[in-house]
Amino acid sequence: MQSERGIDISVGLFILLGLGSVIFLVMQTLGLGQVNSGDSYTLQARFDHVGDLKLRAPVALAGVTIGRVSGIRADPLEFRAVVELRIDSNFSNLPVDTYASIASKGLLGGKYIELSPGGDEEFLQDHDEIELTQSAILIENLIGKYMLKGTDE
Amino acid sequence: MNAAIRDCWLGFSRFVAAFGAFQIFSFRILPYLPKAVLRPRLITEQIYSIGALSLVLIMFGGLFVGMVLALQSYNTLVEFGTIDLLGAFTAEALVRELGPVVAALLFAGRAGSAVASEVGLMRATDQITAMELMAVDPIRRVVVPRVIAGVISVPLLAAIFSAMGVLGAYLVGVHVLGVDGGAFWSQIPERVDMTTDVGIGLVKSFIFGVSASLMGVFEGYNAAPNAAGVSRAATRTVVITSVWILLLDFIVTGLTLPEV
């Protein structure tokens, strides 16, 4: 049998660990466990439609993840979606005519943002906005279009 | 033929009698519960021996169940190009189902049997009778602290199990199988709900905690006062608790799933 103090300490640790696990699970299910690592800078991009793009979705350059979506909100004046991209500072030389499009990984996969750099000599700075964007392609709309086409002929 | 029917009838009536005795035992404990907080030292000692000492087993179990779950579900999800859902998939399975159930089964094997054999040995060596002779109520001194400690421990152990499982799935999914780390975490809040999933997981493990710890002390307290009786009490505790946990899990799941 251990000393009373030893028992108290391990019981306390056990209960703290248990409550910590509950908090961890609740934080994860509420999406509060944000992780920010390394130096980064923020860019903005406006889209007509973001589909089911999620917070923390990857931002990819040539298919390789270089950042995360750090915010999605609607612009009340323009009626468009504003997406904030947090990008690794190693890639601070993206040209101003970089093209941002919402792509999806496979037919049922999650959405991500693909950046295609242009040829401009000027670079995007922190809090700049990417002007050239392409919205998410909604499969439902595509299907709808094809069905209508079929009835026209 | 007659003998077979009589055997069935005897077995059935013995089962009903044991079930009734268990209910009466549970109700006998109820009035002691509020008074138990006056002796917190007894409860912490029990939380130490049945909760804190189960920790290593539970963490190990959770980690490996999560890792296996990630491997298995990756295998299916990759066919549909939906490996981003790995995090949500494993988290939902762990939080709702595997965490409470497997943690409670491990608890029954690790702690329930220990409680049953400890109390059973107290009965066999006349310690319980001695307490009664000294006007110490054995239910208050021996039974109630163990029940309360079990009810406190099992939900915590289940939460630890689930959290370790999600971490294990993260390790395998993101660092071995190459799922995107951001997608792994970001899909979880989209598909796992706090009240329905985490809440129901906690409710389940609370119910399992009540039944597992009650069963352990009941079997021990009513064990036949000899060596065979003690070992029978430990075995019966594990078997009956496991059956009850699986049965109750089916009932609670059926009652709480919104689309059934």
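Q: What makes a residue count as buried here?
A: A residue is buried if 20 or more other C-beta atoms lie within 10 Å of its own. In this predicted model, buried residues make up 24% of the 153 residues in chain A.

Q: What is the secondary structure of chain A, and how do the elements run from the N terminus on?
A: Chain A comes to two helices and eight strands. Read from the N terminus, the elements go α-β-β-β-β-β-β-β-β-α.

Q: In what order do the eight strands of chain A form their sheet, and what is the pairing?
A: The sheet is open and has the order β7-β1-β4-β3-β2-β6-β5-β8, with mixed pairing.

Q: Why do β7 and β8 of chain A stand at the edges?
A: Each has a single partner strand, so one side of β7 (129–130) and one side of β8 (132–134) are left without a neighbour in the sheet.

Q: How do you know that β2(A) and β3(A) pair, and in which sense?
A: Two strands pair if DSSP finds at least two bridges between them. Strand β2 (residues 58–61) and strand β3 (residues 64–75) of chain A have four bridges, so by that cut-off they pair, and the sense is antiparallel. As for the residues, Leu61(A) has Val64(A) as its bridge partner in β3(A), while Ala60(A) stands opposite Thr65(A).

Q: What lies between the strands in the hairpin of β2(A) and β3(A)?
A: Two residues lie between them, and Ala62(A) in the turn has a positive phi of about 50°.

Q: What makes β3(A) and β4(A) a pair?
A: The cut-off is at least two bridges, and eight bridges join β3(A) to strand β4 (residues 80–88) of chain A, so these antiparallel strands pair. Asp75(A) stands opposite Arg80(A) in β4(A). Their hairpin has four residues between the strands, and there Phe79(A) takes a positive phi near 60°.

Q: How many residues of chain A are in contact with chain B, and which element of chain A gives the most?
A: On this side, 31 residues of chain A are in contact with 33 residues of chain B. The elements of chain A that give two or more residues to it are α1 (4–30) and β3. Of these, α1(A) gives the most, with 16 residues. By class, the side of chain A that touches chain B has 15 nonpolar, eleven polar and five charged residues.

Q: What makes α4(B) oblique to α7(B)?
A: Helix α4 (residues 86–124) and helix α7 (residues 181–191) of chain B have axes that come within 7 Å and cross at roughly 50°. That angle makes α4(B) oblique to α7(B), and the crossing is right-handed. Among the residues that meet are Leu86(B), Ala88(B) and Ala91(B) in α4(B), and Phe184(B), Trp185(B) and Ile188(B) in α7(B). By class, this contact has six nonpolar, two polar and three charged residues.

Conventions. Residues numbered from 1 in each chain as written. Chains lettered and ligands numbered in written order. Predicted model: local features only at pLDDT ≥ 70, side-chain atom pairs only at ≥ 80, totals over all residues. Buried ≥ 20, exposed ≤ 12 C-beta atoms within 10 Å, placed from the backbone. Contact = placed C-beta atoms within 7 Å. Nonpolar A, V, L, I, M, F, W, Y, C, P; charged D, E, K, R; others polar. Axes fitted to C-alpha atoms, helices over the stretch in contact; angles between N-to-C directions. Parallel < 35°, antiparallel > 145°, perpendicular 65-115°, else oblique. Left-handed = near helix turned anticlockwise from the far one by under 90°.
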